[in-house]
Amino acid sequence: MLKPDSITKFINIIGTDNVLTEKEDLLTYAYDGTPMLRQLPEAILIPHTTKEISQIMRFCHQELIPVVPRGSGTGLSGGSIPVEGCIVLLLNQLDKIIEIDSENMTAWVETGVITSSIHEAVEKIGLFYPPDPGSMKISTIGGNVAENSGGLRGLKYGVTRNYVLGMEVVLPNGDIIQTGNKCAKDVAGFSIKDVFIGSEGTLGIVTKVLLKLIPLPESKKTILAYFKDIDSAAKTVSAIIAAHIIPTTLEFLDHVTIECVENYTHIGLPLDMAAVLLIEVDGAATVVEDESRQIMDICKNHQAAEFKMAKDNEEALKFASARRNAFPALARYKPTTILEDATVPRSAIAPMLAEIHRIAEKYHLQIGTFGHAGDGNLHPTCLTDERDTDEIQRAEKAFNEIFEKAVELGGTITGEHGVGLAKKGFLPKQLGDPGIAFMQSMKNVLDPHQILNPGKVFSLHPRCEGLLPKTREQIPVTPENEQL
Ligand SMILES: Cc1cc2nc3c(=O)[nH]c(=O)nc-3n(C[C@H](O)[C@H](O)[C@H](O)COP(=O)(O)OP(=O)(O)OC[C@H]3O[C@@H](n4cnc5c(N)ncnc54)[C@H](O)[C@@H]3O)c2cc1C
């Protein structure tokens, strides 16, 4: 429980309007995008400057108050779920695009800026910021950096980490550090920025980011290909890469997802297909023309039942909407949607998909799978209802098996959503004890009092135990927590 003195201190730093303690406000921030995880915070603090964040952190460090950073709360692994006794530091008011430097092709932005606003701002002057998470219209760039988010264009262009040149960070003790610069090359000392990218808000609060931009591709073509069996779709993916074509986007939807998307969007997807591939190529017009023609030939030679190229931008957007709407379309079917991101090497996509299918049948679950087939990042999505404890337990077992299989196939328990709370239990299986101990020792150096997002990713301090919201399996559905 926060002391009244602490609230007064926070009000002195950021003003009354920016300190929320009413139950209705706290309820809004008890969740993120992860199902079945929730916890009321003690207060919501809304800073507007790095200096305010530094003062807040210095005070919390002294008083041992847990702090949970939050961007837009779209995270899918519970990273911004409050922990008991914490304040939530809402970072979405750090919302300025500070500078777009066309000569050096860089942009300095505050970390509360919405990802798609960066796309829009730089594309106006012929530049391109490629990472495009499915949540880009709501997620913040700070959340993207903290999760090292990927997106539909990740196959060709990489993930957030590949576009971060530098940053400003407030450390758990309130110190402010600047790291990186606009140089294309810089090997002076450790790459400190890389410590914070993907650290899920456990090591520091990123307040500004320097992003690398590239020239906006001149041209783009979009293809949709339908398959009667999953194996042919998987072989088509491999054949495209084997032909040394790296599409911008190479996305996959299985039968369950196709049905849900069609019922939601009515864009004309055929309901008798086992799989759909969305393929986009971009670059110089002549190269795009040539590559798209080769891809059409590969689809034909790999038993695609039907394939078509979008005739204009409007149709391309319609094709892409099949994939962009996969999550909302699946989420309409049952009250609880558990979306995971088991990822395997590209060559293991077909066995991984077969295994997901087998596991879904074994546990009598409805699991639709879609995802970034080009980079092996699959999203098995279980449609369930958290009030059905039996089904939730079966879902937990199913995902255990899915993650085990992904690791066995040389993959990972998460390709882009992070570990947070939801996948914390699986991380030791993937990293082993020495891997976890290494991360813990880094946490100890930067956050010796364990105040920043404690208990996420891995637990360290006994203080973290009992502070945390329970895992999915442990949450009993009572009238009280149903209200939450
Ligand atoms: C519909 C939907 C589609 C999605 N599609 C994708 C996708 O394609 N690819 C993908 O990678 N993810 C995807 N996600 C997951 C999610 O959107 C990303 O993880 C995103 O980067 C989170 O951004 P956010 O601003 O919502 O961060 P939050 O959810 O608020 O926070 C995420 C984590 O970052 C920390 N954090 C936030 N801001 C900061 C900061 N400034 N400094 C330090 N730590 C911070 C938080 O403590 C938390 O641990 C999707 C989610 C949804 C709901």
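Guide: Leu-253 has Phe-370 as its bridge partner in β17. Helices (H or I, at least four residues) and strands (E, at least two) are DSSP runs, numbered from the N terminus. This is a predicted model, where local features need pLDDT of at least 70 and side-chain atom pairs count only at pLDDT 80 or more, while totals for chains, interfaces and linings use all residues. Residues are numbered from 1 along each chain as its sequence is written.

Visitor: In what sense do β13 and β17 pair?

Guide: Antiparallel, over two bridges, with β13 covering residues 249-254. Strands count as paired if DSSP finds at least two bridges between them.

Visitor: And which residue of β18 is the bridge partner of Phe-370?

Guide: That's His-379. β17 and β18 are antiparallel too, over seven bridges. Their hairpin has four residues between the strands, and Gly-376 there takes a positive phi near 70 degrees.

Visitor: Switching topic: what's in the largest nonpolar core?

Guide: It has 60 residues, and Leu-253 is among those with the most contacts inside it, as are Leu-224 and Ile-402. Such a core is a set of buried Ala, Val, Leu, Ile, Met, Phe, Trp, Tyr and Cys residues joined through C-beta atoms within 7 Å. Helix α14 (residues 389-408) gives the most, with seven residues.

Visitor: What does Ile-402 touch?

Guide: Glu-340, Ala-342, Ile-356, Ile-359 and Pro-380, leaving out residues up to four places away in sequence. Contact here means C-beta atoms, placed from the backbone, within 7 Å.

Visitor: Back to α14. Which residues are buried there?

Guide: Among them are Ile-392, Phe-399, Ile-402 and Lys-405. Down the helix axis, the buried residues of α14 fall within an arc of 160 degrees (taken from the directions from the axis to the C-beta atoms), so they line one face.

Visitor: What covers them?

Guide: The cover includes β16 (336-339), α13 (349-362) and β18 (377-384).

Notes:
Buried ≥ 20, exposed ≤ 12 C-beta atoms within 10 Å, placed from the backbone. Contact = placed C-beta atoms within 7 Å.
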